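Subject: Structure for you, with notes

Hello,

Here is the structure I promised to pass on. Please have it open while you read; my notes follow below.

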Amino acid sequence: MAAVDIRPPAVPTLTSTKADDTIGIHRILCVGKNYNAHVVEMGGDPKTNTPIFFLKPPSCYVPSGATIPYPSQTDDLHHEAELVVVMKTGGKDIAEDEALSHVYGYASGNDLTRRDLQNLAKEKRWPWDMSKGFDNSAVIGAVHPVEEVGHLSSGFVRADVDGETRQDSDLTKLIWSVPEIISILSTYVELHPGDVIMTGTPSGVGPIAKGQTCTCEIEGLSPAVVTISA
């Protein structure tokens, strides 16, 4: 009987504004409930909020400018504009005051969500995997190295759909800062080079229909743009 040679798809790579840099994606780690107004918008109580983490597989990645099909199994696809952090090094139990030394750079991102499936999962106490970790659900713009943009702690976070502003907030309104996120997350899992952290979305999330284009922007960074095919 002939040997079987099963090879998974190649590791997807992010685009860096530094042309010679290669950034393979190890995994995509996401933070939920990280802006007070969004917690309230989704029916939660920010006073009792603690960091919520969930995963998207690397196969979710979509580069900015792509056109993707409307995902199956949903009638309510939502945009979520987010600051994206890309790790160059990692570790376990990283101290907060050392966290930023592990960061390669930053990007704009869009955590696309099957909102109807997520709401059902919340109601039934089911996992969020199929509402968050589906194909083409992590739209990420070009990554800007720290040496180019520094460490971001303020600046607008915006999303528009066909030119209509939907989300408009500021990084200063993050409940958990980037150093805090990295430090807390590293107590749950060992972080590695190529880990991508989507830091949470502000209020104003809403639907994207077939044929529409969504642009998510973080001040000072390249946008994350995606079009849903008609």
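Start at valine 85. Setting aside neighbours within four places in sequence, valine 85 contacts Val103, Gly105, Tyr106, Val178, Ile182, Asp195, Val196, Ile197 and Thr199. Contact here means heavy atoms within 4.5 Å.

Before going further, a word on the basis. This is a predicted model: local features need pLDDT of at least 70, side-chain atom pairs count only at pLDDT 80 or more, and totals for chains, interfaces and linings use all residues. Residues are numbered from 1 along each chain as its sequence is written, and side-chain values use heavy atoms, with hydrogens and water left out.

**Cores**

Val85 is among the residues with the most contacts inside the largest nonpolar core, along with Leu83, Tyr106, Leu171, Ile182 and Ile197. That core has 40 residues. Two or more residues each come from β3 (27-32), β6 (66-68), β8 (81-87), β9 (103-111), β13 (156-161), α5 (178-188), β17 (213-218) and β18 (224-228). A second, separate core has 17 residues, including Leu14, Phe54, Val84 and Val196.

The terms: a nonpolar core is a set of buried Ala, Val, Leu, Ile, Met, Phe, Trp, Tyr and Cys residues joined through side-chain atoms within 4.5 Å. Buried means under 20% relative accessible area, exposed over 50%, partly exposed in between (1.4 Å probe, protein chains only). Helices (H or I, at least four residues) and strands (E, at least two) are DSSP runs, numbered from the N terminus.

**Helix α5**

The buried residues of α5 are Val178, Pro179, Ile181, Ile182, Ser183, Leu185 and Ser186. Their cover includes β3, β4 (52-56), β8, β9 and β15 (195-198).

Strand β7 (residues 77-79) is joined to β10 by 2 bridges. Leucine 77 sits opposite arginine 114 of β10. Strands pair if DSSP finds at least two bridges between them.

**Serine 222**

Serine 222 lies in the loop between β17 and β18. Its relative accessible area is 23%, so serine 222 is partly exposed. Beyond its neighbours within four places in sequence, serine 222 contacts Ser108, Ala142 and His144. The side chains of serine 222 and histidine 144 make a polar contact of 2.9 Å. (A polar contact is a pair of N or O atoms within 3.5 Å; within protein, one must be able to donate a hydrogen and the other to accept it, and residues adjacent in sequence count only if both atoms are side-chain atoms.) Glycine 141 is 81 residues from serine 222 in sequence, but their C-alpha atoms are 6.0 Å apart.

**Cysteines**

How many disulfides does a search of the whole structure find? The search finds 0. A disulfide is a pair of cysteine sulfur atoms within 2.5 Å. The closest cysteine sulfur to that of cysteine 60 is in cysteine 30, at 8.2 Å, too far for a bond. For cysteine 214 the closest is in cysteine 216, at 4.0 Å, also too far. Cysteine 60 is buried at 0% relative accessibility, and cysteine 214 is buried with a relative accessible area of 0%.

**The chain overall**

The chain has 5 helices and 18 strands. Of its 230 residues, 48% count as buried. The C-alpha trace spans about 60 × 40 × 35 Å along its principal axes.

Best wishes
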